[in-house]
Amino acid sequence: MSLPVDAASASDSQNEAVSPYALQPVLHEPSAGDQWWRRAVIYQIYPRSFKDSTGSGMGDLAGITAELPRIATLGVDAIWLSPFFPSPQKDAGYDVSDYRGVDPLFGTMDDAKTLISTAKSFGIRIIIDIVPNHCSNEHALFKAALAAEPGSAERAMFHFADGSGEGGNTPPNNWFSLFGGSGWTRVPAADGTPGQYYFHLFDATQPDFNWRNPAVQEEFEKTLRFWLDAGAGGFRIDVAHAMFKKHGMPNWGGAPDGTPRPGFPFAEAPMFGQPELHQVFARWREICEEYPGEPVLCSEANVRPLTRLADWVAPGQMHQSFNFDYLRTLWDRDALAGVIGDSLEAFDTVDAPTTWVLSNHDVSRHATRFGLDGVALDLGDGIGPRDPQPDTTLGLARARAATVFMLGLPGGAYLYQGEELGLGDHTTLEDRYRQDPTFLRSNGERTGRDGCRVPIPWVHDAPAYGFSPTGDTWLPQPGNWAAFSRDLQDDDPASTLNLYRKALALRSELGLGLGSLAFFANPGLPEVLAIRNSDTIIVLNLSGAPVPLPAGDPLLFSDANGAKLAAMGMLGANAAAWLRATDG
Ligand code: GLC
């Protein structure tokens, strides 16, 4: 998408006094629907790193419940909880051994129910993370499959296959694991000789389910109902794009390590985006609609391009899908304008909201990414002590501006715990602490995601910054996090925490989530992105110097030096502001 520029440049050259901003036609009109999920701001909690109530060094459900009053002051509509189910924790809980229970690490089923009902009393829904692509190798179904014969009903719940080549010693096909290495692991036969292989898109401890088997589909319908009966406000669907594999599981045409080759884009790999997915999503939507309170389905779908992702949120499918193209966008005005325009255009064709997101537990936090100029980090690859280190001051300034800008966009948004404190990654975490299977399976070649998963700081002068009463933490925290602690930010009007609170309150008051969008053309300001959402003008200055704001429109709020510079009609470097359109 490119923005028309001629209107403003023509008038500029004729008349110096004319505003450098020229409003373009409206690109996105509000939907006729006003359901909560169209505008929801959802806060992701990664339970092991949020708040530890027992002193084990691992966050837990009771810790989250105890902090709900503080989460409520942020002004979010829902919490997405990353997995807390029984699990051997080989992939931080994304290896589930029982979808209808609670891991003792995190508490009990009663704790989960208390969390759901207490959140409800604050008007906050709890969204459960469902992991349908794979389970743990310690799940009863997989153990039964291992104990059963090739060709049995038990094995048909997963992807078991004989090897190819001499003696069946070569994996059945060339599919890779996203964590590195082959996607196939061989198991012994009943007589102890090498037997069949099973497929795992992630770690060998995470066998993929065979979604073509109706028994698998029934299992997950039961799980959805279990959590809906317990009061869940919906589901985030893990790796939704990979649930079905192409019939016959043919070799994929990319490189064996999973990297794409010309003609074989990653998104076209035979384990992604198969059309049969959509029948399952339609069924899940029907199930959600049987329950009160409009439970939501949000897909983690690495599907490209955005026009294809729109099929995932078409009527009768999921309600939301994370906009990873937005998350991947660098600090670049044209790229940002492009992805926003393309997203709204694509999602408007199916009357679905766009779900903006900047950080989560799988990527370097945006305060870190934006401190590394021009570096496009791969999803799933963090930063370690041997990598170039981010400029943390620049990263934080840009992160604050990026969030203020994002919260001005129409649609829903996801926030990741700790970003409201301005946290970046732990970028110097020593290898000996790393637990991410990405690091372990690649023999340390890939840094992995531990850096963005570090327990968050609550109290500046307490052990573990108040994360746990004993000072224990499952990953060490950086030494300079005192200043980011919640207690110091609570009453500081200039803190990142209060910036988030202000932006969320104003966003809700102004109805921006259900608003419209038009771009401004401002060719004289090539590093400024300005939009109008209903009666609010939102300006993001991506440059390193102050720029003029649109003239005559009063400032609603800004993330940096707001009032002082705004009095001069200016917006500071790496900053964002919201203004009230005077004709609004
Ligand atoms: C998703 C999760 C990630 C996990 C992977 C495998 O991408 O967000 O954390 O490792 O699925 O379950």
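A: Here it is, and please keep in mind that this is a predicted model. A place to begin is Ile 237, which stands opposite Ser 299 in β9.

Q: How do strands β8 and β9 pair, and over how many bridges?
A: Strand β8, made of residues 234-237, and strand β9, made of residues 296-299, pair in the parallel sense, and four bridges link them. In general, strands of a sheet pair through backbone hydrogen bonds, either parallel or antiparallel.

Q: And what is the order of the strands in the open sheet?
A: The open sheet has eight strands with parallel pairing, and their order is β10-β9-β8-β4-β3-β2-β12-β11. The edges are taken by β10 (320-321) and β11 (355-357), each of which has a single partner strand, so one side of each is left without a neighbour in the sheet.

Q: OK, switching to the ligand: which residues are closest to it?
A: The ligand is surrounded by 14 residues, of which the closest are Asp 91, His 134, Asp 238, Glu 300 and Asp 362. Sorted by class, this shell holds seven charged, four nonpolar and three polar residues.

Q: What distances separate the side chains of Asp 238 and Glu 300 from an oxygen atom of the ligand?
A: For Asp 238, a side-chain N or O atom is 2.9 Å from an oxygen atom of the ligand, and for Glu 300 the corresponding distance is 2.7 Å. His 361 also has a polar side-chain atom that lies 2.9 Å from an oxygen atom of the ligand.

Q: How much of the ligand's accessible area does the protein cover?
A: On its own the ligand has 300 Å² of accessible area, and the protein covers 96% of it. As for its location, the ligand sits in the largest pocket.

Q: Last topic, the backbone: where is the cis peptide bond?
A: It joins Arg 304 and Pro 305, with omega at about -5 degrees, and Pro 305 is found in the loop between β9 and α7 (306-309). Separately, Ala 92 has a positive phi, near 50 degrees, although it is a residue other than glycine, and Ala 92 is placed in the loop between β3 (78-81) and α3 (109-121).

Note on methods: Residues are numbered from 1 along each chain as its sequence is written. This is a predicted model: local features need pLDDT of at least 70, side-chain atom pairs count only at pLDDT 80 or more; totals for chains, interfaces and linings use all residues. Side-chain values use heavy atoms; hydrogens and water are left out. A residue is near a molecule or strand if one of its heavy atoms lies within 4 Å of it. A polar contact is a pair of N or O atoms within 3.5 Å; within protein, one must be able to donate a hydrogen and the other to accept it, and residues adjacent in sequence count only if both atoms are side-chain atoms. Accessible areas come from the Shrake-Rupley method with a 1.4 Å probe; for residues, only the protein chains shown count as cover. On a 1 Å grid over the protein atoms alone, a cavity is a set of points where a 1.4 Å probe fits but cannot get out, and a pocket is an open set with protein on both sides within 12 Å along at least five of seven lines; lining residues have an atom within 4 Å of a point. A molecule sits in a cavity or pocket if more than half of its atoms lie within 2 Å of its grid points. Ala, Val, Leu, Ile, Met, Phe, Trp, Tyr, Cys and Pro count as nonpolar, Asp, Glu, Lys and Arg as charged, and the others, Gly among them, as polar. Two strands pair if DSSP finds at least two bridges between them. Helices (H or I, at least four residues) and strands (E, at least two) are DSSP runs, numbered from the N terminus.
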